[in-house]
Every structure is written in structure tokens, then in C-alpha cells.
Amino acid sequence: MYQNYLRFALRNLWLQKNQTAILVSGLALGLATCFFISLWVMSELSYDSFHERSQRIYRITEKVWTDGSGEYCASAPIALGPTLLRELPHLLENQTRLMQLRSSSYTLENGAERRFNEAKLYFAEPGVFNMFSFKLKTGDPITCLQQPNCVVLTESASKKYFGSADPMGKILRFEGNKDLTVTGLAAETPVESHLHFDVLVSFSTLDNMLTDRQKNGFYWNPAWTYVLLKDNVPPSQLEAALPGIVQKFFPETIRNGTTLPIQALCDIHLHSTGLVGEFEPNGNQAYVRVFATVAIFVLLIAIINFINLCTAQSIRRMKEIGLRKTLGAGRTSLIVQMLGEALLTSFFAGLVAVVLMAIALPFFNDLTSKSFALHHFWQYGGWFLTGTMLTGLLAGAYPAFYLSGFRPAMAVKGGRGGGFRSRTQQALVVVQFAISVALIIATLVASRQFKYLREARLGFDRSGVLILPVSRCALATIDKFDDFRRQLLQNPLIQNVTALEEPLGIRFNTGTYNPEGIDAEKQFARLYVRDGFLETFGIELASGRSFSENRLADSSSVIINEAMVRHLGWGTAENALQKRLNKQRVVGVAKDFHFASLHTAIEPLVLHVPFNNWQNGFFVQYMAVRVAQKDMPSAIQFLQKTWEQQVPDRAFEYSFLDDNHAKLYQSEARLGQVALIFNVLSLLIACMGLVGLATYLLGQRTKEIGVRKVLGASVASITRLLASDFLKLVLIAIFIASPVAYYFMQRWLADFAYRIDIQWWMFVVAALAAVFVAILTVGIQSIRAALANPVESLRSE
Amino acid sequence: MIELKNIERYYPTGSLKTYVLRYVNAHIAEGEFVSIMGPSGSGKSTLLHILGMLDEPTDGEFWFLGEGVHKFNERRRTEMYREYIGFVFQAYHLIDDLTVYENLETPLLYKKVPSTERKSRIADLLDRFNMVAKKDLFPSQLSGGQQQLVGVARALIGRPKLILADEPTGNLQSPQAKEIMEVFKTLNREDGVTIVQVTHSEDNAKYGNRILHLKDGRVENEELVKH
Ligand SMILES: Nc1ncnc2c1ncn2[C@@H]1O[C@H](COP(=O)(O)OP(=O)(O)OP(=O)(O)O)[C@@H](O)[C@H]1O
Ligand SMILES: [Mg+2]
């Protein structure tokens with residue numbers, strides 16, 4: 001019996017080739033899409049869980065907050081880690097710190113030809129290998145980072161400096177002034193890590209590079225600090241103990257506004273919004289949520305599709321089912337037969353989906369910059385198979401249980417209650433279309449928002465600005481810098497030169513201020529710059545003047561932004577002039593510009609110029625050069641030539657500010673692309689469903705169409721008749737989808753400090769797209785049916 | 001075998017009830033060959049559907065082999081189809097996706113008849129109805145009359161104890177029709193199969209031993225056939 005079912009099922013699939021193709025490919029696309037998104041979501045959710053002790057590792061962050069302004073930073077004072085271990089021995093088993101000096105990259109060299117600037121270089125304690133689970137290929141995890149002047153390289157970094165030779169015990173020169181011994185070779189850091197390093201230098205190397213105050217103070221907070229809780233110690237105990245630590249050790253000026261929030265290691269990647277001073281941009285749980293929803297919806301569309309088409313097909317078979325009953329078929333055997341057919345189809349779809357995924361994998365990896373491999377398929381293969389089979393069961397269940405319960409008389413007297421007039425079918429079509437319409441709207445809104453983030457008016461001009469790291473090189477002194485600048489400006493291709501503390505629009509630091517008329521110290525965002533700053537970046541003044549070239553004149557001047565004027569309640573920009581911050585005079589008020597990411601609102605900001613070499617060396621890390629955009633290559637060439645003459649100790653390295661910005665919004669840009677692709681896919685699936693359904697339902701009405709034609713109906717009138725049925729459903733779907741999409745996207749946008757408004761045209765576009773697709777597919781099918789020879793259609797009944 | 005008491009069947013049309021069958025009383029004993037006649041729309045097919053348990057009466061009692069059919073559940077009805085009833089539809093109703101051979105085989109599969117026996121029974125019937133050459137064709141590739149023949153053959157193949165046939169010869173020429181009537185007669189005489197047929201033809205009706213005349217849903221009169 002069962003092999004007969006199998007034979008019939010296969011033959012049925014074959015006889016209905018077109019329907020089967022639509023059925024199988026629609027579900028396959030849906031499964032593949034959903035599985036891909038799930039892989040991405042799983043990857044995002046699994047960050048840092050590869051560490052064996054990830055459940056017990058916490059990061060200590062520092063939040064200094066007074067009156068709604070201040071800093072929430074991923075790193076903490078250098079002394080905090082050891083202090084915690086000493087003060088809380090009953091809670092903590094270990095601690096590990098990583099840090100970078102105030103610089104974006106360091107020069108390492110193995111002879112002059114092998115000199116590179118390393119951006120992913122960190123000073124690290126041995127815990128990286130014995131508390132975390134980063135893999136060490138050679139070297140001792142306990143001792144390799146213990147002694148000063150030790151360095152651990154990843155394999156790819158080692159290749160750069162030593163080729164294929166064994167690097168162990170070899171020497172690398174650090175910033176031209178220190179020799180480091182290679183004591184370990186590490187595996188590449190996994191993609192799913194919030195921290196990726198190329199080079200690790202032993203933390204103890206810092207000992208003679210920092211002052212005692214820097215090492216032991218609790219004000220400067222450059223060290224990423226992780227602690228390992230003892231077994232069975234709940235994190236709440238640590239949380240409870242931290243305020244005491246703040247009171248005991250932190251300087252009085254910030255003691256009351258400071259808290260030390262802890263973050264579970266696995267939460268860092270997705271739950272770090274609002275934190276500054278990260279290793280690298282993190283993920284965002286809002287995106288993960290959006291994508292998980294998209295995955296569910298795409299799968300839902302595919303399943304509804306599948307159910308719809310299966311049901312449509314089985315209505316065609318109502319007569320068969322009725323007949324089989326009169327021939328002695330039991331209900332169970334009918335259910336088994338129909339479920340079996342649905343399962344078989346979904347199984348095929350699963351196979352096709354696997355093939356599709358194997359083909360699309362490289363593109364997907366490229367798109368998401370993750371590194372999924374085929375083995376991930378097997379890892380989640382069980383889920384995939386279960387999902388596929390469940391879909392089959394679900395799709396087969398409705399026809400199987402519903403139709404097998406029919407009394408045969410209904411069926412054999414000619415399928416009343418089936419066909420397009422069935423409420424359930426109509427509802428399914430509406431739901432399917434509503435989901436695709438909602439998804440179109442969501443994509444439009446999301447891609448607009450991402451575009452806005454990339455292109456929004458920042459309040460400064462970032463194009464044509466080169467950024468060059470200059471910290472701790474020959475240009476670190478004021479005179480040398482000015483000299484260099486004068487040389488550059490002789491070339492008309494170089495328009496402006498300035499220097500600043502952090503690349504604009506990406507990072508910033510904070511300082512403590514005592515504003516005039518307010519009897520308290522406050523934390524504000526702060527940026528050390530050199531004169532020419534406002535000019536180089538094209539930032540406009542609301543009042544007052546820019547920093548002057550005569551630096552002595554401005555050694556006790558500051559420029560603030562409009563947000564600061566508002567925050568301090570100083571009235572107009574004019575009013576703010578001559579007021580004082582920390583006894584420093586406000587000489588200018590700049591119009592607001594986005595010195596931080598667009599994810600956050602513009603906060604009050606103070607601009608300083610360094611007044612001595614020490615300040616300059618410590619606070620000014622980047623040179624910013626505005627070059628003429630008409631001949632960038634020669635401008636850069638000139639810059640390089642001059643650099644190599646004047647700064648021989650450091651490799652010439654530059655980046656475009658707008659590239660840096662693009663990187664900052666890279667995840668948005670990428671997600672925008674991914675969203676678009678998945679959306680096109682979901683629309684495609686929905687269309688395929690519509691085509692399938694239209695084909696099928698029109699097939700049901702071939703007799704009616706034939707009769708109408710014999711009675712003299714025109715092709716146009718028949719097409720109109722058939723298409724209007726569908727269009728009604730699509731319109732209902734649009735009316736359901738629009739408010740739902742509006743509500744959810746409004747909530748999603750609320751996560752952004754700067755956002756677009758949802759506009760009516762987005763709904764119109766989505767509606768038009770849906771209507772167009774519906775008219776097109778149904779139209780083609782209708783015309784085909786209407787043009788067919790009536791004898792054919794009448795005979796087939 | 002069959003006992004009908006005050007059978008009624010109506011369809012709700014708006015708020016009114018349209019009666020298709022009313023006060024139908026009948027008794028059909030095992031081994032009888034009964035013909036039902038009546039004008040178009042008089043309820044013949046409806047009555048046959050009720051006898052075949054395809055449809056339920058809206059009122060009245062239907063006893064089959066001493067059991068109340070209203071108490072039958074799905075499982076019991078399936079059993080009836082497997083063991084007792086062979087149905088010939090007015091509109092033939094073959095399964096479109098199955099070949100002639102497979103259409104004939106299906107009831108045997110449900111009855112779990114072993115494979116060799118299936119083959120010989122099907123071959124036998126195909127031969128008897130001159131359809132051997134057509135066995136691999138699909139219903140849509142047959143003429144109306146040929147489809148009807150397959151429909152009859154399918155009703156016979158399970159060797160039912162009761163054959164319910166709705167105008168089994170409506171599309172056939174008289175010699176073919178006659179042949180089918182002969183087959184029915186033989187089954188009835190020699191194997192004791194009970195037969196209820198609906199027909200418009202006086203001649204065909206005479207093959208039976210009794211004729212029920214239906215009009216407007218009522219049994220107008222009963223006539224015994226004299227042989
Ligand atoms: N679903 C229905 N709803 C309403 N009336 C129905 C329905 N099905 C059948 N009828 C009515 O029941 C009556 C009897 O139908 P039935 O098919 O039993 O007639 P018949 O005697 O077999 O006629 P014919 O000789 O033409 O086959 C007809 O008048 C028909 O209109
Ligand atoms: Mg009839």
C-alpha cells in the first residue's frame with residue numbers, strides 16, 4: 001500500500017510539474033533564507049561563548065555621570081583590576097587587563113623593510129590565555145606574557161614579520177625604542193569575539209612607560225578590566241561590593257558620580273550601546289531582533305505559501321478523496337497519504353534549500369563578513385531537518401484532516417465549499433500578502449534610516465580630510481609640528497592642517513569642569529585640537545572667534561558648542577562669550593556638529609588647545625589635513641614625501657576621514673544590504689505563492705471560462721473577472737499591513753537618537769509593488785486561461 | 001438487508017425546506033434485484049446516496065443488516081465500503097490521476113487483497129468488458145461510455161454483497177447495456193448479490209424482480225416484475 005502511495009505521490013508531483021516547481025522552490029527559498037538569517041543571528045548571539053569560563057567572566061566598566069552628562073566607558077582605571085582582586089578575594093578568582101596607550105597604532109619592525117603600524121596591538125596580562133580561552137599555538141599560556149618586553153603574535157602577524165620562519169625567541173623593535181622578544185604564537189581570534197588582536201605585548205612592559213600617578217591613580221581609565229568570579233558566586237555579590245570600592249579608592253572629585261557597572265562577557269557584543277572606548281564597534285541587539293523577526297516572517301510566508309498551494313491542490317482532489325472513501329479507504333490511510341505527499345514535497349524542498357545554501361554561502365559570508373562553513377549546516381542540520389519536516393506536516397495537516405473528514409456525497413457531487421470561495425484560503429492569501437507588504441515597508445524605512453546615518457549632515461565636512469596618526473613620533477612637539485605644517489602649506493594642494501585628539505565623529509574623551517556660576521564639577525566631552533581645527537573641518541561659529549595661530553594667546557581659552565550653552569543655561573551664543581570654564585575663557589561658540597556617532601545625541605563639548613609640549617604629546621594624536629579634491633593623488637604623494645623626510649622613525653600611514661566614518665556605519669550599511677536582499681527574496685516567495693495559487697485556482701475554473709467563452713465572453717472581460725477577485729484580497733492585505741508596519745518601525749526608530757520620519761510614500765510604494773505583482777501574475781495567468789481553446793477546458797472536466 | 005422507515009431528506013433553501021425525499025418506506029431483502037424509476041429530479045440519486053451511506057437522511061431510520069446506520073461511525077462506514085457495498089456513480093467518477101488498471105486496483109488495495117489475486121481479478125474484468133487495450137490510459141483519455149464501463153467494473157471488482165448503481169448504462173448502446181444487465185443478473189442469481197439500480201429504461205428495469213416508482217420524493221407505487 002505504502003509503496004503505491006509513494007508511487008502516486010511521485011507521479012502526482014511529476015504530473016503537476018509547474019505547481020511542484022513553485023511549491024518546492026518557494027519553500028526551498030524560504031528555508032534557505034531563514035536558515036541563513038538564523039546562522040547570522042546565532043553567530044551574533046554566540047559572541048564570546050567560546051571561552052570555557054565565559055559564564056564567570058565579567059567586564060568592569062566605569063560610568064561617571066553628573067546631572068545628565070558625563071562618560072560611560074568600557075575601560076576602567078589601571079589599578080582597579082589588582083585592587084579588586086586584593087579587596088574581594090572571597091569573590092574573585094582572577095582578573096585580566098588589556099590596554100592601549102593613547103594611540104591608534106604602534107610601529108613594530110624587524111629590520112627596516114619589515115616595518116608596519118599595528119592597530120590591533122594591546123598590552124595584555126597573562127589572563128588572556130589562562131582566564132580567557134584564546135588559543136596559543138606555541139608558548140606557555142601562564143608565562144608568555146609575564147615578563148616585561150614579551151610579545152605574542154598571531155600567525156598572520158608573525159608571517160608579516162618573519163615569513164615562514166619560527167618567530168619564537170626573535171626580536172621585534174617597538175616604536176623604534178624598545179626590543180620585544182617573541183614568546184608565543186597565537187591562533188587567529190575567532191570571528192565571534194568582541195576583541196580581536198594581532199599583537200599582544202606583556203602588560204608589565206608598561207611599568208616603565210607610565211608614571212606612578214597613571215599606574216596607581218583612579219582617575220585615568222584606559223584599561224579594559226575583566227574579572228573571573230569564583231565558582232558559584234552570583235554576580236550580584238560583586239555588584240553589591242563595587243560601590244564600596246569606589247568610595248574607598250576613587251578621587252573625591254568623581255567619587256559620588258561614579259559607578260562601576262559590570263557586564264557579563266557574553267553580553268558585551270550585543271548590549272554595549274552607549275559605551276565609549278570599545279575595542280571595535282559592537283553588534284546591536286536591535287538589529288538582531290529585526291533580523292530574527294525577518295527570518296520568522298520569511299519562513300512564515302513560505303509556510304503559508306506551501307499550505308496554501310497544498311490546500312489548493314487537495315481541493316482539486318476532493319473528488320478523489322470522496323471516491324477513495326466509497327472504495328473503502330479509511331480516514332487514517334487518507335491522512336497518511338496526504339501528509340506523506342506534503343512531507344515528500346517539503347523533503348525535496350529541503351534538499352533544494354541545502355543546494356541553494358551551499359551555492360550562496362560565499363556571497364553570504366562576504367555580505368556579513370562572517371565565516372560560516374558547510375560544517376555549520378551539519379551542526380544545525382537536525383534543526384533544519386526538523387523545521388523542514390514540521391513545515392511539511394503543518395502544510396499537509398490542514399488538507400489531510402479537513403478534507404478527509406468530508407462526507408463523500410459532498411465531494412462526489414462536485415466540490416462545493418472548496419475553491420477560491422473558501423474563507424480559509426482567502427485568509428491565507430491575505431496574511432501572506434500582508435506580511436510581504438509589511439516587510440517591504442520595513443525595508444524601506446530601515447534602508448532610509450541606514451542611509452541617513454551614513455549621509456546625515458554631520459555639521460562638519462569630512463570629505464577630502466586625511467587623518468594621520470602622529471602620537472609619540474617626531475611631530476609630537478609643538479614646534480616640530482608647526483614647522484611641518486608650514487612646509488605642507490607651501491603646496492597649494494594642501495588647504496588646511498590641524499591636529500586633534502581623536503578622529504572626529506568617531507571617538508572623544510571627557511574632562512572635568514567647573515563652569516562659571518555653577519558650584520559643582522561636571523564631566524563633559526572634551527577634545528584637544530590645534531588651531532585651524534574649525535577651518536579644516538569647515539565647522540561654523542555661532543559667535544566669537546576660532547583659535548588663533550598664536551598659541552600663547554589661547555593657552556587659557558576654550559571654544560564650546562551650542563549644546564553646552566543650552567546645557568548650562570547661558571542663553572544666547574553671544575552671552576556665553578567671556579564666561580569661564582575652569583577659569584578658562586570661552587572665546588567662541590561653535591555650531592553643533594556630530595563629534596560622536598550619530599547613534600547618540602550631540603552632547604555639550606569643550607575644545608582646548610594644548611599649551612605645552614607635554615600636553616601636545618599626550619593629547620594630540622592625529623594630524624588632519626584637508627587636501628584639494630581636484631588632485632588628491634599628487635597631494636598625497638607630496639604629503640608622503642615630506643613625511644618621509646621629516647618623520648623617518650614612523651611609517652607613513654593615513655586614512656580618509658570619510659572612510660573611517662563609513663566603517664563606523666559599516667554594520668548599518670551591510671545590514672541595509674542584507675535586509676534588501678532578504679526582502680527581495682521574501683517578495684519573490686510571496687509572488688511565487690501568488691502565481692502558484694492563481695495558476696491553480698484558474699485551473700479550477702477552466703470549465704467556467706470555457707463555458708463563458710462559448711457563451712460569447714471576451715478575453716478582456718474574463719481577465720477582469722478573474723483578476724478582480726485577487727485584487728480585492730491584496731487590497732485588504734495592504735490595509736492590514738500598513739498600520740502594523742508603521743507601529744513596529746516607529747518603535748524600532750525610537751532606538752536611534754537621529755532618525756528619519758516614516759513617510760506616506762513608503763506605504764504607497766509598498767502598496768503599488770504588491771498590487772503590481774498581483775496584477776502581473778494574475779493577469780498573465782488569466783489571459784492564458786482565457787485564450788485557451790474552450791473545447792480543451794470543457795473536455796477536461 | 002435494508003429497511004427504510006419514513007426517510008426524509010431536505011435542503012434548506014433560504015428559510016424554507018425543500019424536500020427531496022419524503023416518507024420513504026422500503027424493505028429490500030438480501031438477494032433482491034430492485035430497480036428505481038422516476039422522472040428527473042424525483043430524488044432517485046439522493047435515495048441511492050443514502051443507501052450507499054454517502055449522504056445522511058435528515059429524518060427517519062435506515063437499518064442495514066439489522067444495524068442502525070445513524071449509529072455508524074467513520075470506521076464502520078469504511079468497513080461497509082470494503083466488505084459490502086459497490087457503488088456505480090451516475091457521473092462515473094473515476095480517479096483522474098490513476099490509470100484504468102489502477103482505478104480497478106484501488107478497492108482491492110484497501111481490502112488488502114494479495115497481489116496475485118488482484119492481478120487475476122483485474123485481468124478477468126478487463127477481459128470481460130473488452131478494455132484490456134485501455135488498461136494504461138487515464139480516464140480523460142476514454143470516451144464517456146468507456147468510463148462508465150470502468151465505473152461498473154470497479155464496483156464489481158471487490159465482489160460486494162450489495163451493488164448500488166446509478167444509471168449504470170446511461171451512456172451505453174443497447175447491446176452493451178444489455179451485457180451489463182446480464183452480468184448483474186448473473187451476479188444476482190448465482191452469487192446472491194443484492195442489487196439496487198436507478199434507471200430510466202423500462203427494459204433494464206425488468207431485469208430486476210421489483211420496481212420502485214419515485215415521484216416528487218415519494219414512493220408512488222411498487223411493482224413486482226413478472227418473469
Ligand atoms: N445540494 C442541493 N441543494 C438543493 N437541492 C438539491 C441539492 N442536491 C440535489 N438537490 C435537488 O434534489 C432533487 C433530487 O435530485 P436527484 O439528483 O436525486 O434527482 P434524480 O432523481 O437523480 O434526477 P436525474 O434522473 O436527473 O438524475 C433535485 O430537484 C435537485 O434539485
Ligand atoms: Mg440522478
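Me: A polar contact is a pair of N or O atoms within 3.5 Å; within protein, one must be able to donate a hydrogen and the other to accept it, and residues adjacent in sequence count only if both atoms are side-chain atoms. How many residue pairs are in polar contact between chain B and chain A?

Reply: Four, with both residues at pLDDT 80 or more. This is a predicted model: local features need pLDDT of at least 70, side-chain atom pairs need 80 or more, and totals for chains, interfaces and linings use all residues. Residues are numbered from 1 along each chain, chains are lettered from A, and side-chain values use heavy atoms, without hydrogens or water.

Me: How many salt bridges are there between chain B and chain A?

Reply: A salt bridge puts a side-chain nitrogen of Lys or Arg within 4 Å of a carboxyl oxygen of Asp or Glu. Chain B and chain A share two. One joins Arg11(A) to Glu102(B), at 2.6 Å from N to O. On chain B, helix 2 (74-83) and helix 3 (100-110) each supply at least two residues of the side touching chain A. Helices here are DSSP runs (H or I, at least four residues).

Me: How many residues does each chain bring to the contact?

Reply: Contact means heavy atoms within 4.5 Å. Chain B brings 29 residues, chain A 28.

Me: Which residues lie nearest the centre of the second largest cavity?

Reply: A cavity is a set of points on a 1 Å grid over the protein atoms alone where a 1.4 Å probe fits but cannot get out; lining residues have an atom within 4 Å of a point. Here 17 residues line the cavity, with Tyr81(B), Ile85(B), Gly86(B), Pro107(B) and Gly158(B) nearest its centre.

Note on methods. 1 Å grid on protein atoms, 1.4 Å probe; cavity = no way out; pocket = protein on both sides within 12 Å on 5 of 7 lines; lining within 4 Å.
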